[in-house]
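Please read the numbered points beside the model.

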Amino acid sequence: MARITVEDCLEKVGDDNRFSLIHLAVERIRQHRNGEPFLTAGKNKEVVMTLREIAAGEVTFANIHDLPQQRKAEAAALEVESSENEE
């Protein structure tokens, strides 16, 4: 996979402010350390994986706090679907 750059991430953050990018990345890393899975595949360090999520547009200031709830809802939906398939 191609190298991730700060410029790629700044384009997604929108305000060309590295300070804002750092705050977004730190919040997402906290979520990872609390058990939230990564949204992108790979085997890099958590900082690199987090920056990849931001550069891909999957993590933004608008959805950063909704991501854990979305994951729980998706897991619950999969659980219901699998239990329906077993019957």
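1. M49 counts as buried because its relative accessibility is 1%; buried means under 20% relative accessible area, exposed over 50%, and partly exposed in between (1.4 Å probe, protein chains only). M49 is found in helix α3, where helices (H or I, at least four residues) and strands (E, at least two) are DSSP runs numbered from the N terminus. Leaving aside neighbours within four places in sequence, M49 is in contact with F38, T40, A41, G42, K43 and N44, contact meaning heavy atoms within 4.5 Å.

2. The model is a predicted one, in which local features need pLDDT of at least 70 and side-chain atom pairs count only at pLDDT 80 or more, while totals for chains, interfaces and linings use all residues. Residues are numbered from 1 along each chain as its sequence is written, and side-chain values use heavy atoms, with hydrogens and water left out.

3. V48 also has its place in helix α3. Is V48 buried or partly exposed? With a relative accessible area of 27%, V48 is partly exposed. The C-alpha atoms of V48 and I4 are separated by 7.5 Å, although the two residues lie 44 apart along the chain. For M49 and I4, which are 45 residues apart along the chain, the C-alpha separation is 9.3 Å.

4. E53 is a further residue of helix α3. E53 is buried, because its relative accessible area is 0%. Apart from its neighbours within four places in sequence, E53 is in contact with R28, H32, P37, F38, L39, T40, E58 and V59.

5. The buried residues of α3 are M49, T50, R52, E53, I54 and A55. Which helices do the buried residues of α3 pack against? They pack against α1 and α2. After α3 comes G57, with a positive phi near 85 degrees.

6. The largest nonpolar core has eleven residues: C9, L10, V13, L21, L24, A25, I54, A55, V59, I64 and L67. Such a core is a set of buried Ala, Val, Leu, Ile, Met, Phe, Trp, Tyr and Cys residues joined through side-chain atoms within 4.5 Å. At least two residues of this core come from each of α1 (6–13), α2 (18–33) and α3 (46–55).

7. The axes of α1 and α2 come within 10 Å and cross at roughly 90 degrees; axes are lines fitted to C-alpha atoms, for helices over the stretch in contact, and angles run from 0 to 180 degrees between N-to-C directions. α1 is therefore roughly perpendicular to α2, a label given to angles of 65 to 115 degrees. On the α1 side the contact is made by V6, E7, C9, L10 and V13, and on the α2 side by R18, S20, L21 and L24.

8. For the chain as a whole, the secondary structure comes to four helices and zero strands, in the order α-α-α-α along the sequence. Buried residues make up 26% of the 87 residues. Among contacts between residues at least 6 apart in sequence, 50% join residues at least 24 apart. The chain exposes about 6,200 Å², of which carbon and sulfur atoms supply 52%; accessible areas come from the Shrake-Rupley method with a 1.4 Å probe, and for residues only the protein chains shown count as cover.

Terms used. Parallel < 35°, antiparallel > 145°, perpendicular 65-115°, else oblique.
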